[in-house]
Amino acid sequence: MPVALAVHGGAGSPPEREYAERQAAVEGALAAGWERIEEGALAAVMAAVRFMEDEPVLNAAVGAVLNREGEVELDAAVMDGSTLRAGAVGAVREARHPVDLARAVMEDGRHVLLVGSGADRFAHQAGVETCLHSVFVTDRQRRNWNERFGADTVGAVAVDAEGRTAVAASTGGVTGKLPGRVGDTPMIGAGFYADDAAGAACGTGQGEGFMRTLLCYRAVAEMLPGLSAQTAAEAAVSYLSDRVKGLGGIILVTPAGEVAAAWNTDFMSWASRTG
């Protein structure tokens with residue numbers, strides 16, 4: 001069967017001077033994920049998102065935006081479309097790669113979503129790599145904090161040769177957010193969804209709109225009757241705009257290896273590969 005991987009580095013209105021650097025980071029993530037595609041869709045999306053969590057120009061882990069108190073709180077998620085297993089974390093501060101912590105929650109199996117200090121304690125119990133909070137804070141985001149700029153996500157969707165789909169996502173949320181705010185990224189159906197029967201979706205943008213519309217579940221469900229990925233992506237973003245005046249973007253992949261992307265912001269860095 002055809003395989004495919006799509007990656008995004010966030011939809012929003014960053015300074016134009018960052019466009020090329022953001023796109024280069026996404027291309028690097030695509031290459032990192034593609035190297036693991038033969039291991040399965042889940043391995044590919046994990047590798048792509050982990051790569052972007054190390055890119056200071058993207059809003060995930062290192063380089064994440066700062067909340068109202070000038071601190072970093074991180075959200076992440078992963079989902080296996082074959083089993084509908086999912087793991088997610090919100091407002092975590094210690095996991096070096098939050099997507100690894102989300103994977104650990106999924107593999108543990110007792111819960112889908114852990115948040116705050118409880119999630120950080122679980123990271124230590126599960127042997128997930130942790131670090132000092134200062135590792136995540138960059139000079140760039142200190143400047144952006146003063147300007148109140150930033151609201152995007154990184155994510156990846158994939159289908160492998162066995163027809164298995166997967167999605168992973170990670171974010172620092174919204175610049176200047178209230179401490180404890182959790183966005184759509186770790187909310188199953190809102191910021192991410194995967195089901196081998198139809199495909200996988202990953203969103204990016206102002207999370208509250210995605211939560212109100214369950215946008216990623218909506219996009220995947222619309223592909224069940226055979227709607228093309230591109231039509232479903234464009235319909236989802238149109239619904240986001242029309243129903244709640246939301247801003248953002250989405251990437252999709254189908255079990256047949258079709259990829260698509262749509263957004264209603266000034267810019268979204270994304271890339272895909274099929275084979």
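Helices here are DSSP runs of H or I with at least four residues, strands are E runs with at least two, and both are numbered from the N terminus.

Before going on, a word about what you're looking at. This is a predicted model, in which local features need pLDDT of at least 70 and side-chain atom pairs count only at pLDDT 80 or more, while totals for chains, interfaces and linings use all residues. Residues are numbered from 1 along each chain as its sequence is written, and side-chain values use heavy atoms, with hydrogens and water left out.

Back to α1. Which of its residues are buried? They are Arg22, Ala25, Val26, Gly28, Ala29, Leu30, Ala32, Gly33 and Trp34. "Buried" means under 20% relative accessible area, "exposed" means over 50%, and "partly exposed" is in between, using a 1.4 Å probe and protein chains only.

Now for a pair of helices. Two packed helices are described by the angle between their axes and the distance between the axes. Axes are lines fitted to C-alpha atoms, for helices over the stretch in contact, and the angles run from 0 to 180 degrees between N-to-C directions. Take helix α2 (residues 41-53) and helix α3 (residues 98-108): their axes come within 9 Å and cross at roughly 145°. On the α2 side, the contact (heavy atoms within 4.5 Å) is made by Leu42, Met46, Val49, Arg50 and Glu53, and on the α3 side by Pro98, Val99, Asp100, Arg103 and Met106. Sorted by class, that gives six nonpolar, no polar and four charged residues. For the sorting, Ala, Val, Leu, Ile, Met, Phe, Trp, Tyr, Cys and Pro are nonpolar, Asp, Glu, Lys and Arg are charged, and the others, Gly among them, are polar.

Next, find helix α7 (residues 215-223) and helix α8 (residues 229-244). Their axes come within 9 Å and cross at roughly 145°. The α7 residues Leu215, Arg218, Ala219, Glu222 and Met223 meet Ala229, Ala232, Ala235, Ala236, Tyr239 and Leu240 of α8. The classes in this contact are nine nonpolar, no polar and two charged.

Each of these helices has its buried residues, too. In α7 they are Leu215, Cys216, Ala219, Val220 and Met223. Look down the axis of α7 and they fall within an arc of 135°, so they line one face of the helix; the arc is that of the directions from the helix axis to the C-beta atoms. The cover over them includes β7, β8 (199-205), α6, α8 and β9.

For α8, the buried list is Ala229, Ala232, Ala233, Ala236, Val237 and Leu240. Seen down the axis of α8, these fall within an arc of 130°, so they too line one face of their helix. They pack against α6 (207-213), α7, β9 (248-253) and β10 (259-263).

Let's turn to some backbone angles. Most residues other than glycine have a negative phi, and most peptide bonds are trans. Where does Leu214 sit? Leu214 is in the loop between α6 and α7, and its phi is positive, near 45°. At 43% relative accessibility, Leu214 counts as partly exposed. Ala91 has a positive phi near 55°, and lies in strand β3 (residues 85-92). Is Ala91 buried or exposed? With 8% relative accessibility, Ala91 counts as buried. Then there's Lys245, which follows α8 and has a positive phi near 55°.

Finally, visit some loops. Thr185 is in the loop between β6 (165-174) and β7 (192-195), and at 2% relative accessibility it counts as buried. Beyond its neighbours within four places in sequence, Thr185 is in contact with residues including Asp75, Thr153, Ser170 and Phe192. Val137 is in the loop between α4 (116-126) and α5 (139-147), and counts as buried at 16% relative accessibility. Leaving aside its neighbours within four places in sequence, Val137 is in contact with Leu66, Val72 and Arg142. Val137 and Thr185 are 48 residues apart along the chain, and their C-alpha atoms are separated by 20 Å.
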